[in-house]
Amino acid sequence: MSVWERSSTVRVVPSARPRKLAKVPFVELADGRLQGVVSSGSDIGRVYVSSVAAGTYAYACSTNNNRPCGGARGGFCNHIRALVVEAVLQYGVDRVARYLRAEDDAELPDAGSVTSVMAAARPGPGDSSTAAQVFSRFLRHLGYLELEPVTAPLPEMHWFPTAGAVA
């Protein structure tokens, strides 16, 4: 049994490049989707929960209180495009394209290329019922940011991945 199998921590994959958290504070590749929280461009108090399904590229975008995004009618809105850009910064273009199954015969150089491959498939609206779960995870992450820095262990964080875990 290797060291990481005996540990309650896992290695965190570092960001491909630094991200601007003000525009897209939360992005994840989970549950067969690229999903996250995107700040509104016009209202500082509003955020959108956006997602794109792997393979089908079905998309969903709504406010945190379940109002549909006006820009996500008939195609990807600016929130979804921003989500793809930030996911590429966080995970790298190869990993995002592979996860979404948006690989093309040619190498995809950037987030715009990934978005173009998905848009060419002419995706339709997807299921927005998971928006509450995504927003809840985002709020949980924000709660951890409000904790005072301490060196003592936090029992509820024993499972949390650490950068120093051995592989």
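Trainee: Where does serine 62 lie?

Mentor: Serine 62 is part of strand E4. Helices (H or I, at least four residues) and strands (E, at least two) are DSSP runs, numbered from the N terminus. Before we go on, this is a predicted model, where local features need pLDDT of at least 70, side-chain atom pairs count only at pLDDT 80 or more, and totals for chains, interfaces and linings use all residues. Residues are numbered from 1 along each chain as its sequence is written, and side-chain values use heavy atoms, with hydrogens and water left out.

Trainee: Is serine 62 buried or exposed?

Mentor: Serine 62 is buried, because its relative accessible area is 4%. The cut-offs are under 20% relative accessible area for buried, over 50% for exposed, and partly exposed in between (1.4 Å probe, protein chains only).

Trainee: And what does serine 62 touch?

Mentor: If you skip residues up to four places away in sequence, serine 62 touches Val47, Tyr48, Val49, Arg67, Pro68, Cys69 and Ala131. A contact here means heavy atoms within 4.5 Å.

Trainee: OK, zooming out. How many helices and strands does the protein have?

Mentor: There are 5 helices and 4 strands. Going along the sequence, the order is α-β-β-β-β-α-α-α-α.

Trainee: How much of the protein is buried?

Mentor: Of its 167 residues, 40% count as buried.

Trainee: Which residues touch the most other members in the largest nonpolar core?

Mentor: Those are Leu34, Leu100, Val114 and Met118, in a core of 31 residues. A nonpolar core is a set of buried Ala, Val, Leu, Ile, Met, Phe, Trp, Tyr and Cys residues joined through side-chain atoms within 4.5 Å.

Trainee: What does leucine 100 touch?

Mentor: Not counting residues up to four places away in sequence, leucine 100 touches Leu34, Val52, Ala53, Ala54, Gly55, Tyr57, Val114 and Met118. There's also a second, separate core of 8 residues, which includes Phe26, Val37, Ala131 and Phe138.

Trainee: New topic: holes. How many cavities of 30 Å³ or more does the structure hold?

Mentor: It holds 1 of them. The largest cavity has about 50 Å³ of space. On a 1 Å grid over the protein atoms alone, a cavity is a set of points where a 1.4 Å probe fits but cannot get out, and a pocket is an open set with protein on both sides within 12 Å along at least five of seven lines; lining residues have an atom within 4 Å of a point. Grid points are joined across faces, edges and corners, and a volume is the space filled by probe spheres set on the points.

Trainee: Which element gives the most to the lining of the largest cavity?

Mentor: That's E3, with 3 residues.

Trainee: How many residues apart in sequence are histidine 79 and lysine 23?

Mentor: They are 56 residues apart in sequence, and 9.3 Å apart in space, C-alpha to C-alpha. Histidine 79 lies in helix H2 and is buried, with a relative accessible area of 13%.

Trainee: Last one: what is the phi of arginine 122?

Mentor: Arginine 122 has a positive phi of about 50° although it is not a glycine. Most residues other than glycine have a negative phi. Arginine 122 is in the loop between H4 and H5 and counts as exposed, at 75% relative accessibility. Aspartate 31, in the loop between E1 and E2, also has a positive phi, near 55°.
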